[in-house]
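These are my notebook entries on one protein structure. I set down what I looked up and what I found.

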Amino acid sequence: MPDKGGLQLLPETRKKIDIKIPGENRMLYIGSGALVLILALYSALWAYQSSLEGDIAAADGQLMTLEQQRNKKTEQQLTTLAKQVDLTSTIVKDHVYWSTALSRIEAAVQPSVQFKSFSAVLGDDTFRIRALADNYVTIAKQMAAFSADEAIKDITLDGVSSLTSGKLDFSVRVSFDRSKFLVETP
């Protein structure tokens, strides 16, 4: 206020004193550096995103090309064939073992026993026999012959009835150990 309304109250010889405070611009420099770092990071991430989007677009193009080259009818036929081959190989593989098991059953059957029906359930590890016998002793011998096999776990006599012909009709359920019963004998 050296000059106010034409009057000069202070002499003009006054010198301006500047006071410098160390570090007064430090926050400005830190803020500017952080802003530059953020902008550089943002631009790097944007470039990376753009390259990833380009890679995705290229992969989509390749996928579309491959999809157009597929023959879906042939693929379906090949899938069906693969399932059939698996099923057939399982049947052939198990056939050998069931042949061995049936041979074991045949060896245990008493000469005077006649089979009326035979059924086996691999999932239950059982087979059922309905047969005819001459007398109760033959039925007992038949059950003893089955129980003599180490692969047989349990034998259940489901029922016995006499027929007018004098023979006995009986049903047997036999449980076996699959690991011992369905093995190939040397």
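**Entry 1. The model.** I noted that this is a predicted model, in which local features need pLDDT of at least 70, side-chain atom pairs count only at pLDDT 80 or more, and totals for chains, interfaces and linings use all residues. Residues are numbered from 1 along each chain as its sequence is written, and side-chain values use heavy atoms, with hydrogens and water left out.

**Entry 2. The whole protein.** I looked up the elements and found four helices and six strands. Helices (H or I, at least four residues) and strands (E, at least two) are DSSP runs, numbered from the N terminus. Read from the N terminus, the order is β-β-α-α-β-β-α-β-β-α. Of the 186 residues, 16% are buried; buried means under 20% relative accessible area, exposed over 50%, and partly exposed in between (1.4 Å probe, protein chains only). The accessible surface is about 14,600 Å², and 60% of this belongs to carbon and sulfur atoms. Such areas come from the Shrake-Rupley method with a 1.4 Å probe; for residues, only the protein chains shown count as cover.

**Entry 3. The sheet.** I asked in which order the four strands of the open sheet lie. The order is S3-S4-S6-S5, and the pairing is antiparallel. Two strands pair if DSSP finds at least two bridges between them. Strands S3 (114-121) and S5 (152-162) are the edge strands, each pairing on one side only. From one strand to the next, the twist averages 15°. In general, strands of a sheet pair through backbone hydrogen bonds, either parallel or antiparallel.

**Entry 4. The pairs of strands.** I then took the pairs in turn.

- S3 and S4 are antiparallel over seven bridges, and Ser 117 stands opposite Arg 130 in S4.
- S4 and S6 are antiparallel over eight bridges; the bridge partner of Arg 130 in S6 is Ser 171.
- S5 and S6 (residues 168-176) are antiparallel over nine bridges. Here Thr 156 has Arg 173 of S6 as its bridge partner, and Ser 162 stands opposite Leu 168 in S6.

S5 and S6 form a hairpin with five residues between them, and Gly 166 in the turn has a positive phi of about 95°. I also recorded that S4 is largely enclosed by the rest of the structure, because six of its eight residues are buried.

**Entry 5. The core.** I asked which residues have the most contacts inside the largest nonpolar core. They are Phe 127, Phe 146, Ile 152, Phe 170, Val 174, Phe 176 and Phe 181, in a core of 21 residues. A nonpolar core is a set of buried Ala, Val, Leu, Ile, Met, Phe, Trp, Tyr and Cys residues joined through side-chain atoms within 4.5 Å. Helix H2 (72-108), S4, H3, S5 and S6 each give two or more residues to this core, and S6 gives the most, with five residues. In soluble globular proteins, nonpolar side chains tend to be buried together.

**Entry 6. Val 174.** I found Val 174 in strand S6. Val 174 is buried, with a relative accessible area of 0%. Leaving aside neighbours within four places in sequence, Val 174 is in contact (heavy atoms within 4.5 Å) with Asp 125, Thr 126, Phe 127, Phe 146, Ile 152, Asp 154 and Ile 155. The C-alpha atoms of Val 174 and Ile 155 are separated by 4.6 Å, although these residues are 19 residues apart along the chain. I also checked Ile 152, whose contacts beyond four places in sequence include Phe 127, Val 174 and Phe 181.

**Entry 7. Asp 125.** Asp 125 lies in the loop between S3 and S4. In the hairpin of these strands, with four residues between them, Asp 125 takes a positive phi near 55°. The side chain of Asp 125 makes a polar contact with the side chain of Arg 178 (2.9 Å). A polar contact is a pair of N or O atoms within 3.5 Å; within protein, one must be able to donate a hydrogen and the other to accept it, and residues adjacent in sequence count only if both atoms are side-chain atoms.

How values were computed: Axes fitted to C-alpha atoms, helices over the stretch in contact; angles between N-to-C directions.
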